[in-house]
Amino acid sequence: MIGTGFMGRMHSHAWRTAPRFFDLPRDVELTTLVGRNGVVTERAATELGWLEHATDWRDVVARDDIDGIDICTPGDSHAEIAIAALAAGKHVLCEKPLANSLAEAEDMAKAADRSDAVAMCGFSYRRTPALAYARELIREGRVGNIRHVRAQYLQDWLSDPDAPYTWRLDRDRAGSGALGDIGAHSIDTAQWLAGDEIVGVSAALQTFVVSRPVMESQQGLGGIAVADAERMPVTVDDAVAFTARFRGGAFGVFEATRMATGRRNANRIEINGDRGAISFDFERMNELEFFDATLPKSEQGFRRIQVTNAEHPYAGAWWPVGHGLGYEHLFTHQAVDFVRAVAGEAATEPTFADAVVVQRVLAAVEKSAAEDSRFTPVESSN
């Protein structure tokens, strides 16, 4: 695994946990953790359960005893690492968004096409039991023809104008701000649930705080600022909003921000069709709201489904009914699905090609915002 930060810790937890709760078709050995700083990486490897550590990912990718590479680095290194790993015959799991640009993402997808290895992008919210169950309901026709897709991803960890500068605020490293960091999740979830692609957008981007103080210490996504520190320029968006047209005719409204004061991780989506609707908020991640418009009007209304039964996706491997799951479980489910794909027991989802579809929407959003919100078609894959 390459990367020792927030995602590196989360993925390490998932790799340790997956074989303890799920029957996996392959044994998993956490061989090598790679980071830039040898001292930090050695300490992280010990804490997170890796056998050894290294500081040069190229040496690790070339090793014959390594079968898979898990990429948890900032987006500016995704393409180089993934392409090299696939060329070396390694299976690859890469964090989202796939790359910092559409061109890089397309190069990664081409490398995956040339390889027989598994190449999966880490859109982890697909592994939320409630959302996976929502997809089953939609596929069964319980929502009917989709008319509206309404998605928000609201966080507030940057709402303080003196919150410190991190790599996520540097366009060269992160590619974009709220758009790629969390908006990409909403785009993927919406297209995956609807079974349809966005074909055009009208968008606006906003940066509210144009500079931030240097960080003294890291805490979660943010950290503590150095007192009286110089301020670094913010080169990404703080917030994005856009309307979208889906190929099948549905109308979409999307919003993503890291400055929604009071909202810690409100990843929300509602889909309305002619036969019903689903509504989900990750701040209540074990619940799905479902409206059945085919019932007599006297019985209609959104009802809360607690998605913790053994019959629900992933839930049967865990706790008794009603004992909810948390954020970390999504990454365990992702590790399980990755291993099953490597063993040929499950399809690879989402593929690098699926992630390129999201990347095309991100590119169209940025283009639209740069042109005064002009309606902008999403580049076709054909």
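This is a predicted model: local features need pLDDT of at least 70, side-chain atom pairs count only at pLDDT 80 or more; totals for chains, interfaces and linings use all residues.
Residues are numbered from 1 along each chain as its sequence is written, and side-chain values use heavy atoms, with hydrogens and water left out.

Strands here are DSSP runs of E with at least two residues, helices are runs of H or I with at least four, and both are numbered from the N terminus. Two strands pair if DSSP finds at least two bridges between them. S4 and S5, which run parallel, are joined by four bridges, and in this pair Cys 94 stands opposite Cys 121 of S5.

Helix H4 (residues 78-87) has as its buried residues His 78, Ala 79, Ile 81, Ala 82, Ala 85 and Leu 86. The terms are set by relative accessible area: buried is under 20%, exposed over 50% and partly exposed in between (1.4 Å probe, protein chains only). The cover over these residues of H4 includes helix H3 (57-61), S3, S4, H5, S5 and H10. After H4 comes Gly 89, with a positive phi near 80 degrees.

S9 and S10 form a hairpin with two residues between them, and Gly 220 in the turn has a positive phi of about 60 degrees.

Thr 31 sits in the loop between helix H1 (6-21) and strand S1 (32-34), and it counts as buried because its relative accessibility is 10%. Leaving aside neighbours within four places in sequence, Thr 31 is in contact with Trp 50, Leu 51, Glu 52, Arg 63, Asp 65 and Ile 66. Arg 247, in the loop between strand S12 (239-246) and strand S13 (251-257), is exposed, with a relative accessible area of 56%. Not counting residues up to four places away in sequence, Arg 247 touches Asp 196, Glu 197 and Val 199.

The second largest pocket has a volume of about 510 Å³. Of the 21 residues that line this pocket, Asp 27, Val 28, Glu 29, Asp 67 and Gly 68 are the closest to its centre. S3 and H9 each supply at least two residues of the lining. A pocket is found on a 1 Å grid over the protein atoms alone, as an open set of points where a 1.4 Å probe fits, with protein on both sides within 12 Å along at least five of seven lines; lining residues have an atom within 4 Å of a point. Grid points are joined across faces, edges and corners, and the volume is the space filled by probe spheres set on the points.

Some backbone angles also deserve a look. Most residues other than glycine have a negative phi, and most peptide bonds are trans. The peptide bond from Lys 96 to Pro 97, however, is cis, with omega near -15 degrees; Pro 97 lies in the loop between strand S4 (91-95) and helix H5 (102-114). The bond from Glu 349 to Pro 350 is also cis, with omega near -10 degrees, and Pro 350 lies in the loop between helix H9 (327-342) and helix H10 (352-370). Asp 372, in the loop between H10 and strand S18 (376-377), has a positive phi near 55 degrees and is exposed, with a relative accessible area of 73%. Ser 373 has a positive phi of about 65 degrees although it is not a glycine, and it is partly exposed at 30%.

Key:
Contact means heavy atoms within 4.5 Å.
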